[in-house]
Amino acid sequence: MALLSELSHCLQRIVIISGRDTDFLVRRLPLPHALFIGNHGLEERDGDASRIVAEAQPYLAQLQRAGDAVEVLSLVRAPGITVERKRATISVHFRNAAEPSASGSALEPALREIARREKLRLQPGRLVYELRPPLDLDKGAVLRRLAAALHPGGVVYIGDDRTDADAFWALRRMPGVRTVAVGVRSPEVPDDVFVDTDLRVDGVPGVIDLLTQLRDVCVNP
């Protein structure tokens with residue numbers, strides 16, 4: 001948090017792009033000048049208010065029905081499995097299940113059927129499944145939109161999840177902008193997610209080291 005606060009004074013903009021909703025992000029990272037993009041681009045917060053992007057709003061009733069259907073599944077009542085209902089998505093987390101891999105395999109058919117019935121998309125993540133509107137909106141699309149709006153001289157992007165692969169791919173193909181794509185390795189994410197990265201670091205300590213170096217360059221260019 002302190003590093004990001006220091007960096008906010010020398011970077012054009014800090015943008016937090018996450019699968020979490022923007023309320024959660026603001027609570028965890030109360031950075032007054034940051035732009036928060038939640039639910040992989042389905043909601044935004046710039047200042048005091050969060051909003052769902054216009055493309056996602058027609059699917060809110062379907063998401064409500066899907067969330068109700070997920071919550072009555074016997075599988076989601078198993079220890080270590082939690083359902084997170086967000087503004088524009090529904091996440092089913094199985095990270096804390098006794099056998100995460102087996103739990104994920106058991107959950108997938110039932111969640112896929114709910115997604116089919118409600119015409120939603122089932123998106124796998126890092127020990128999570130997410131029901132979301134069937135929109136071609138991902139972290140890569142978010143980066144392209146932000147680059148068009150902000151016209152940055154350069155972009156440093158750090159990601160640690162399967163869904164960051166879209167952002168890494170987009171950065172490789174972003175014309176006229178210097179980019180650095182940084183993958184954060186962990187046992188939960190396969191290496192092929194990071195095929196389009198320029199640099200890989202190990203876990204949170206690696207991210208802190210990288211941000212510290214970036215801060216030092218900003219302070220002493």
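Analyst: Buried means under 20% relative accessible area, exposed over 50% and partly exposed in between (1.4 Å probe, protein chains only). The model is predicted, with pLDDT of at least 70 needed for local features and 80 or more for side-chain atom pairs, while totals for chains, interfaces and linings use all residues. Residues are numbered from 1 along each chain as its sequence is written, and side-chain values use heavy atoms, without hydrogens or water.

User: Is Thr89 buried or exposed?

Analyst: Thr89 sits in the loop between strand E5 (82-85) and strand E6 (90-93); strands (E, at least two residues) and helices (H or I, at least four) are DSSP runs numbered from the N terminus. Beyond four places in sequence, Thr89 touches Asn39, Leu42, Leu63, Glu84, Glu130, Leu131 and Arg132, where contact means heavy atoms within 4.5 Å. Its relative accessibility is 1%, so Thr89 counts as buried.

User: Which side chain does the side chain of Thr89 join in a polar contact of 2.8 Å?

Analyst: A polar contact is a pair of N or O atoms within 3.5 Å; within protein, one must be able to donate a hydrogen and the other to accept it, and residues adjacent in sequence count only if both atoms are side-chain atoms. At 2.8 Å, the partner of Thr89 is Asn39.

User: With which side chain does Tyr157 make a polar contact?

Analyst: Tyr157 lies in strand E9 and is buried, with a relative accessible area of 7%. Its neighbours, leaving out residues up to four places away in sequence, include Lys139, Leu143, Ala167, Phe168 and Leu171. The side-chain polar contact of Tyr157, at 2.5 Å, is with Asp164.

User: How far apart in space are Tyr157 and Val180, C-alpha to C-alpha?

Analyst: Val180 is among the residues that Tyr157 touches. The two are 23 residues apart in sequence, and their C-alpha to C-alpha distance is 6.3 Å.

User: At what angle do H5 and H6 pack?

Analyst: Lys139, Gly140, Leu143 and Arg144 of H5 meet Asp166, Ala167, Trp169, Ala170 and Leu171 of H6. The axes of H5 (residues 139-150) and H6 (residues 165-172) are 6 Å apart; axes are lines fitted to C-alpha atoms, for helices over the stretch in contact, and angles run from 0 to 180 degrees between N-to-C directions. The angle is about 40°.

User: Within what arc do the buried residues of H6 fall?

Analyst: Ala167, Phe168, Ala170 and Leu171 are the buried residues of H6. Their cover includes H5, strand E9 (154-159) and strand E10 (178-185). The arc is that of the directions from the helix axis to the C-beta atoms. Seen down the axis of H6, the buried residues line one face of the helix because they fall within an arc of 165°.
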